[in-house]
Amino acid sequence: KQTVFIMTRVAMVTLLVVFCAALIVEAKSLHKNKRNSESFRLKRGLPYGWEKKFDGKMNGFIYINHVTGETRTSPPTHGSSGTGPAPVQISAREQGSCKPGWRYAFNFCYYISAFADIQSHSGAQAACKTQGGELFWPQFVFESFFLKKTLNKVKISTHFFWTNGEKHSGKWDWGTGHPAFSNPKWSAGQPDGSGTCLAVYAHTGFLDDQPCETQYNYVCKTKP
């Protein structure tokens, strides 16, 4: 009986060790997958797929692209991450009554610039005007949730997208004919006076003042 008891205990301990080892392997796998996925898309200040990491051997920082496998010692610029992910196709349901390339929601049509289509604020305004729209301005509180969810799906190459907001004579506004600039949702520490054009931080949906000449993705908006 004692021998059987000992063998049973050994078997139980062995199973427990195997189970714990499996959990560790799975955790490492999940961590690796996370490192190679969306967690690196919105690293503030870096293009899609790039991570800034300290290298002890070099005693300095290196930049790793988890999409292409490239490693460099100098910071990458926006648009340097190659072609990026394949464009997400817009279904007929998403398009609704909007023209091709636009998404329908809240009785408006929204156009999100392609992965590599980044513009200055004035360039983004011109691009939207060419397509018959304007840069995004908020009409409903739900719009920020819609855009945040959509941007996570389409994968823009920058961390911000331009809005129609600008600062004139010390005051922010959304442009002529649009709702008053009231109860804004700012990112932590913003506005910090770094610029007079308004962008939205894609990861949170909150506002951030940015230099108007910076090139970001953008969202256009118009009526169907």
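**The largest pocket and its surroundings**

Modeller: By class, 17 nonpolar, 6 polar and 3 charged residues make up the lining of the largest pocket. Keep in mind that this is a predicted model. The lining counts 26 residues in total. The volume of this pocket is about 530 Å³.

Start at the middle. Five residues lie nearest the centre of the pocket: Pro 138, Phe 140, Val 141, Ser 144 and Lys 185. Now look at the elements around them. Helix H4 (142–154) and strand E10 (206–210) are the elements that give two or more residues to the lining. H4 gives the most, with 6 residues.

Where is it in the chain? Phe 140 sits in the loop between strand E6 (134–135) and H4. Is Phe 140 buried, partly exposed or exposed? Its relative accessible area is 35%. Buried means under 20% and exposed means over 50%, so Phe 140 counts as partly exposed.

Which residues does Phe 140 touch, leaving aside those up to four places away in sequence? They are Phe 106 and Phe 108. Take Phe 106. In sequence, Phe 140 and Phe 106 are 34 residues apart. In space, their C-alpha atoms are 8.2 Å apart.

Follow that contact to the other side. Phe 106 lies in the loop between strand E4 (103–105) and strand E5 (108–112). Its phi is near 55°, a positive value in a residue other than glycine. Phe 106 has 30% relative accessibility, so this residue too falls between the 20% and 50% limits and is partly exposed.

Step along to Asn 107. Asn 107 is also found in the loop between E4 and E5. Here phi is near 65°, again positive in a residue other than glycine. With a relative accessible area of 47%, Asn 107 is partly exposed.

One more backbone feature deserves a look, in another loop. Pro 191 lies between strand E8 (171–173) and strand E9 (197–201). The peptide bond that leads from Gln 190 to Pro 191 is cis. Its omega is near -5°.

Cross from Phe 140 to Phe 106 by their contact. Then read the loop between E4 and E5, where Phe 106 and Asn 107 are found.

Note on methods:
Residues numbered from 1 in each chain as written. Predicted model: local features only at pLDDT ≥ 70, side-chain atom pairs only at ≥ 80, totals over all residues. Heavy atoms only, no water. 1 Å grid on protein atoms, 1.4 Å probe; cavity = no way out; pocket = protein on both sides within 12 Å on 5 of 7 lines; lining within 4 Å. Points joined across faces, edges and corners; volume = space filled by probe spheres on them. Helix = DSSP H or I, 4+ residues; strand = E, 2+ residues; numbered from the N terminus. Nonpolar A, V, L, I, M, F, W, Y, C, P; charged D, E, K, R; others polar. Buried < 20%, exposed > 50% of the residue type's maximum accessible area, 1.4 Å probe, protein only. Contact = heavy atoms within 4.5 Å.
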